[in-house]
Amino acid sequence: MATDFEFRKQVLDMHMSGVIKYCYQCNRCTDYCPVAEVTDNAYNPRQNILNALLGFKDAIFSAEKIAIWGCTVCDTCDEVCPQSIELTEIFKLLKNQSVINGDAPDYYYLQAKTIFENAKAVPPQPAIERRRQQLGLPAVAAPDVNELTTLLKNMGIDKKLKGE
Ligand code: SF4
Ligand code: SF4
């Protein structure tokens with residue numbers, strides 16, 4: 001397996017002056033990870049940390065989507081790691097790279113597109129408004145879609161949306 005030194009540097013730079021180097025593969029993160037447990041280790045944080053540390057970029061990004069996207073960011077691994085490694089920071093880097101590669105799960109792009117077009121994760125729906133009225137709650141203020149769309153375009157988010 002080939003080491004991608006640029007990717008390895010990205011990982012080391014991102015993580016608190018390279019604390020990830022002190023991972024000694026004790027497997028505690030995986031032992032306590034609820035997703036590893038229910039997927040029978042198809043999602044494996046220890047393996048991700050090892051591959052990231054060694055710069056095995058291809059192994060990470062050519063694996064099944066669950067290998068990166070299984071993480072729910074519950075932060076349990078961060079809490080139990082004896083080396084105080086912030087694993088989820090590394091996993092965020094992997095997810096961001098997966099999005100840039102165009103390999104993230106479809107639901108991720110769909111959700112981003114919904115926010116881009118509506119300035120809300122859940123678009124306004126008459127049923128929700130009716131329920132709010134019944135409960136005596138005020139109507140939800142409409143977001144400024146133009147403002148958010150302009151902001152996201154300035155950040156280049158529109159170019160990362162699929163089908164755009
Ligand atoms: S718990 Fe920490 S030291 Fe142990 S394998 Fe996971 S990242 Fe490495
Ligand atoms: S943050 Fe992700 S990797 Fe860590 S324990 Fe939770 S689901 Fe597992």
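Is E117 buried, partly exposed or exposed? Select E117 and look: its relative accessibility is 45%, so E117 counts as partly exposed. Keep in mind throughout that this is a predicted model.

**Stop 1: helix α9**

K113 counts as partly exposed because its relative accessibility is 27%, between the 20% and 50% cut-offs.

Next, select Y108, also found in helix α9. Y108 has a relative accessible area of 35%, so this residue is partly exposed. Then pick A142 and draw a line between the two C-alpha atoms. Y108 and A142 are 34 residues apart along the chain, and their C-alpha atoms are separated by 24 Å.

**Stop 2: helix α8**

Find both in helix α8, residues 87-101. E89 and K92 are separated by about one helical turn, because they are three residues apart in that helix. Colour them by accessibility. E89 is partly exposed, at 27% relative accessible area. K92 is partly exposed as well, with 40% relative accessibility.

**Stop 3: helix α1**

Go to residues 5-14, helix α1. Select K9 and D13. The two form a salt bridge, and their closest N and O atoms are 2.6 Å apart. Why is the spacing about one helical turn? D13 and K9 are four residues apart in helix α1, so about one turn separates them.

**Stop 4: an aromatic pair**

Three aromatic pairs turn up in a search of the whole structure. Select F7 and F61 to see one of them, an edge-to-face pair. The ring centres lie 5.9 Å apart, with 75 degrees between the planes. This pair links distant parts of the chain: F7 is in helix α1, while F61 is in helix α5 (residues 57-61), 54 residues apart.

**Stop 5: ligand 1**

Select ligand 1. It sits in the largest cavity. Now show the residues around ligand 1. From one stretch of the chain come C23, Y24, Q25, C26, N27, R28 and C29. R46, C81, P82, Q83 and L87 complete the surroundings of ligand 1. Colour this shell by class: seven residues are nonpolar, three are polar and two are charged.

**Stop 6: ligand 2**

Move on to ligand 2, which sits in the second largest cavity. How many residues surround ligand 2? There are 14, and the closest are C33, C71, C74, D75 and C77. Turn on the helices. α3 (34-38), α7 (76-80) and α8 each supply at least two residues of this shell. Finish by colouring the shell around ligand 2 by class. Ten of its residues are nonpolar, three are polar and one is charged.

Technical notes: Residues numbered from 1 in each chain as written. Chains lettered and ligands numbered in written order. Predicted model: local features only at pLDDT ≥ 70, side-chain atom pairs only at ≥ 80, totals over all residues. Heavy atoms only, no water. Salt bridge = Lys/Arg side-chain N within 4 Å of Asp/Glu carboxyl O. Buried < 20%, exposed > 50% of the residue type's maximum accessible area, 1.4 Å probe, protein only. Near = heavy atom within 4 Å. 1 Å grid on protein atoms, 1.4 Å probe; cavity = no way out; pocket = protein on both sides within 12 Å on 5 of 7 lines; lining within 4 Å. Sits in = over half its atoms within 2 Å of the grid points. Nonpolar A, V, L, I, M, F, W, Y, C, P; charged D, E, K, R; others polar. Phe/Tyr/Trp six-rings, centres within 6.5 Å; stacked < 30°, edge-to-face > 60°.
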